[in-house]
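I opened a new structure today and kept notes as I went. Here is what I looked up, entry by entry.

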Amino acid sequence: MSKFTHFLKDIDDHIFAYPKIILGLLLAITIFFAMQIPGVKMYSDFADLLPQEHPYIQLHNDIRDTFGGANVVVVGVEVEEGTIFNNDVLALIHRLTQAVDSLPAINHNLVTSLTHRTSRKTWLSEEGSIVSQPYYDPTKNPILNVEEMAEMRDAVLANPRVYGLMVSPDLKSALIKGQLNEGALDYEKTFIQIQEFRAKEQVSGINIHVTGQPMLVGWVYTYIQQIIQIFMFTIVFMFVLLMVYFRRLYGVLIPMVGIAISSIWGIGILSLLGYNLDPLTLVIPFLISARAMSHGIQLVERYYDEFAKCGNGRKAARTTFDSLFRPGSLGVISDAVGLLLISLGSIPINTKLSYYASLWALCVIVNVLVMVPMLLSVLPQPKRAEIRHGWIRKFLPKVGALVANPNSARRILMATIALFVIGGFFSSSVQIGEAEPGSPLLYPDHDYNMSSSAINTSFPGSEELYIIARTEEKGGLKKPEVIKALEDFQNYMLNDPELGGAKGLPDLVKQVNRLLHNNDPRYFQVPHDEFYVGGLMFAYMASSPIPGALKEFVNPEETDANMVFYYKDHQGETIRRATHMIKSWIAEKGETIEGLSFHLAGGIIGVTAAINEAVFVTNAIVVPSVLALIFLFVTFFYGSFHAGWLMFLAMSFATILSYGYMGFMNIGINVNTVPIIAVGIGVGIDYSIYIMDRIREEILTSDSLQAAVIRAISTTGLAVCVTAGALILGVIMWVFLSDLRFQSDAALLLVVMLVFNMVASLFIVPSWITIFKPKFITDIEVVDGVIEEKHATQTAA
């Protein structure tokens, strides 16, 4: 440990020997990274959201070309007066159906609508054969008279696969669904095309609602320019804050140079790795660059403080580097570790983010912690060192006196215990997955969420869950016992009050059986003969001139049956209940039929279930790992378990209260919030490290521990307040300016984490030091310019 500490101390001798050469080298590296920036592309890839090793996703990949996947466009047509059984409305539904069928990357075999060619009414002819025809065929009869319209309505009401699923129970809405092929999917192009035909067909008295994953991503794309503008505005706002605070050229420009160079290096690394920049992860890169600025503020603040003491700019720069490089590097490593550990999860978007963002963060050691002191050493020294801090300069010594007083410090630690309990209580209600209907990426009154609400109000549900029943032998699905097992499973699932409806092979077999017996309801049952069941399936397929009439129910080999369940939302609680019910049934009855097995899970519900389970595992691994590794790093850097414990206490306080905030505000833990939590831990611990290190430094020149604490809070505490304040005031702008709810919620979460970390650094850390007087702070000495605990040097001797 001693050798490592002295190595860090000796770095400045090598660096400051050739400052201009090293600065020139850093400039060359910056130019190189800047040249890579044009190669960066910004887009979302659906596959990046999917934990590919998860069994649900493996099933999804296996069945998506046969039964469909999670990228479904759902169009709802709702009339304000009357019903949809109107010539004008039916013509509109048909045009919209054709428009959906013309979308890029559409799977033409998986388009469903009342007016689509695959939606057909079937009946028994006088000769005893099953015949069918489309419910609506504008090429033959575009205008229906009253009797024909009534006949069409009655036919729809008689078909449970149309009535309730494609036509709402009140007959005022119709649903159009289209499955998109994921490999060829262009979200932006698809979204634009949908919005174009939606605007073209919009008429008075009829509402056209559109939802689905492609629409959600498309809406996010529309806010990319706004996101970039908000980030630019935030940087300008931080620039103004620095002008107000420092009122010195170096204090304003040097932190801004830090954020610029950090951004160039980070984006250049992203380009070299060949990764895309996802719009939903932009918050993390911005936060890393903002943290680079924060480290720059710490350095400049300390530089002016040292310059006021010695009056020599070069000496002040070296002293600043000597004092802040070790705690600053520890803080940067904490940031990078928090980001890198996200890769322990199985979600590709977070794995990519962890790789490039951790490298981006780690580079701050070079492009800020090294560069800024060197830059200050070669620049002309300032004429004045004083910085007017106003009321905050008068306030912080009072805070220092408070935490340096043993009685007050004990009360603070007791209050900390109470806050731990309160935070733990509210954090217990945090959900994995989405915590409310619709998408948390957008506000409740957004067109997307309003469309989802309207569709799910009129229909059993637009969120689909696919469960695959698989037989070992070809044609095994024709066996009556297999069909009855599927029916039993379907009836069991219908006990879920949140389940709106279901569709599967048993319903089809029973419906065709009844049809062949002159619609006698007594025959709405599964036949007892395997060949008879096969005959019913063949009769239905033969009745349709459209190839693949059975594709929505079974695969061509008739080994896989798709059981579809319709839900009104994909909240975390809804998904957990659904998967629990399925697993319970499978555990009890899933193996009663030899050769038949049930497999989870496809559709948007199945995919989201896999993501939620991966997020749960990621969160359970990443957060404790971040806490543990930062504890080890601090312990190693300071050679003291007490130092590691003190930082663990500060991190735990901020983390538990942040989870409590999420529980109180009903914010779920999902693929988007996990990186923010992880990076928030690493970012916030910087403040506590700086305060702890400054107390340790001040103890050498102070009369008492209390005086050292007051001095540290008055100086480094000031820099902590400024850096945290600049970040908080900059980030809070997102809440007021962003139309993207996720960005607003992420901003509030970041603000809360920064505030809790600032409170921990200014109150909890110094209070603990005041009460327990750890030896790594109180029992130290300087050896060859390095602060060490006395017993360490005695042992070494």
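My entries below go from the whole chain down to single residues and pairs.

**Ground rules**

I'm working with a predicted model, where local features need pLDDT of at least 70, side-chain atom pairs count only at pLDDT 80 or more, and totals for chains, interfaces and linings use all residues. Residues are numbered from 1 along each chain as its sequence is written, and side-chain values use heavy atoms, with hydrogens and water left out.

**Whole chain**

I looked up the helices and strands first. The protein chain has 28 helices and 12 strands. Both are DSSP runs numbered from the N terminus: helices are H or I with at least four residues, strands are E with at least two.

I then looked up the box around the C-alpha atoms, which is roughly 110 × 55 × 45 Å along the principal axes.

How much of the chain is buried? Buried residues make up 60% of the 797 residues. Buried means under 20% relative accessible area, exposed means over 50%, and partly exposed is in between (1.4 Å probe, protein chains only).

**Two helices side by side**

Two packed helices are described by the angle between their axes and the distance between the axes. I looked up α21 (residues 603-638) and α22 (residues 641-664): their axes come within 7 Å and cross at roughly 150°. That makes α21 roughly antiparallel to α22. For the axes, lines are fitted to C-alpha atoms, for helices over the stretch in contact, and angles run from 0 to 180 degrees between N-to-C directions. Angles under 35 degrees count as roughly parallel, over 145 as roughly antiparallel, 65 to 115 as roughly perpendicular, and the rest as oblique.

I also noted the handedness: α21 passes α22 in a right-handed crossing. A crossing is left-handed if the near helix is turned anticlockwise from the far one by less than a right angle, and right-handed if clockwise.

Most residues other than glycine have a negative phi, and most peptide bonds are trans. So I went looking for exceptions to that.

- Ala105 has a positive phi of about 70° although it is not a glycine. Ala105 lies in the loop between α4 (87-101) and β2 (106-112), and it is buried at 18% relative accessible area.
- Leu171 has a phi near 65°, again positive in a residue other than glycine. I found Leu171 in the loop between α5 (146-157) and β5 (173-180), buried with a relative accessible area of 12%.
- A cis peptide bond joins Leu600 and Ala601, with omega about -15°. Ala601 belongs to strand β10 (residues 596-602).

**Salt bridges**

Side chains of opposite charge can pair when their charged atoms come close. How many salt bridges does the structure hold? I got 17, where a salt bridge is a side-chain nitrogen of Lys or Arg within 4 Å of a carboxyl oxygen of Asp or Glu.

I picked Arg470 to follow. Arg470 forms a salt bridge with Asp62, with the closest N and O atoms 3.2 Å apart. This pair links distant parts of the chain: Arg470 is in strand β7 (residues 463-471) and Asp62 in helix α3 (residues 55-63), 408 residues apart. Arg470 is partly exposed at 23% relative accessible area, and Asp62 is partly exposed at 47%.

Arg470 also forms a salt bridge with Asp560, the closest N and O atoms being 2.9 Å apart. Asp560 lies in strand β9 (residues 560-567) and Arg470 in β7, so the pair ties together parts that are 90 residues apart in sequence. Asp560 counts as buried, at 9% relative accessibility.

My other pick was Arg741 with Asp745, where the closest N and O atoms are 3.3 Å apart. Both lie in helix α26 (residues 741-772), 4 residues apart, about one turn of the helix. Arg741 counts as buried, at 14% relative accessibility.

Back to Arg470: salt bridges that share partners join Asp62, Arg470 and Asp560 into one network.

**One buried serine**

Is Ser113 buried or exposed? Ser113 is buried, with a relative accessible area of 0%. I placed Ser113 in the loop between β2 and β3 (120-124). Ser113 and Leu103 are 10 residues apart in sequence and 15 Å apart in space, C-alpha to C-alpha.
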